[in-house]
Amino acid sequence: MTVRFQPSLQRTSFVAINAADMTTYRFFPTADAAQDAIWHQTLEKWGEAKAIAYITGLHAHLQRLCANKTIWRKLPQALAVPVDVKRDAYFSLYERHYIFFRELQDGDLGIISILHERMDLPVRLMNDLDMLFRKTADPDEERG
């Protein structure tokens, strides 16, 4: 897998590719915004070296999720998705952040949300899902 990392105070940018099976991960807008916030908060509090290490570690964890479905943890359907979406959702813990994701139609991972362990996870996840599905952010998502 190759990860290209380009830190910047304006934006973090990553591409992950598993050459063997071409499984990749893509960020929905809510998760992309969370990743940017994690970068900025870590940079401000701990400095650039720690911010790079944490974000790089986060992306290494996402690569492991692409490569190994046995580490996925399924969310209860009632919590995971709006009622009209017929797709399972999963989560994984990376250090202090919960990563919520689903498998897209092409087999890639769609990263829905990244939430800190101290947040009110059910409320924040439902807010992120509500924003996501109101905007229909990804054409891969199936409805009804």
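A salt bridge is a side-chain nitrogen of Lys or Arg within 4 Å of a carboxyl oxygen of Asp or Glu. Welcome to the exercises! The model here is predicted: local features need pLDDT of at least 70, side-chain atom pairs count only at pLDDT 80 or more, and totals for chains, interfaces and linings use all residues. Residues are numbered from 1 along each chain as its sequence is written, and side-chain values use heavy atoms, with hydrogens and water left out.

**Exercise 1.** Find how many salt bridges the rule gives, and which residue R26 meets at 3.2 Å.

*Solution.* 
Step 1. Applying the rule gives 3 salt bridges.
Step 2. One of them pairs the side chains of R26 and D106, at 3.2 Å from N to O.
Step 3. Now place the two residues: R26 belongs to strand β3 (residues 25–27), while D106 sits in the loop between β6 (97–103) and β7 (109–116), so this contact ties together parts that are 80 residues apart in sequence. Helices (H or I, at least four residues) and strands (E, at least two) are DSSP runs, numbered from the N terminus.

**Exercise 2.** Locate the salt-bridge partner of K69, and say where both residues lie.

*Solution.* 
Step 1. K69 and E103 meet through their side chains in a salt bridge of 3.0 Å, N to O.
Step 2. K69 is in the loop between α2 (48–67) and β4 (73–74), and E103 is in strand β6; the two are 34 residues apart.
Step 3. K69 counts as partly exposed at 48%, as does E103 at 25%.
Step 4. To finish with the salt bridges, those that share partners join R26, D106 and D108 into one network.

**Exercise 3.** Describe where D88 lies and how accessible D88 is.

*Solution.* 
Step 1. D88 is found in the loop between α3 (77–80) and β5 (90–94).
Step 2. With a relative accessible area of 29%, D88 is partly exposed.

Definitions and conventions. Buried means under 20% relative accessible area, exposed over 50%, partly exposed in between (1.4 Å probe, protein chains only).
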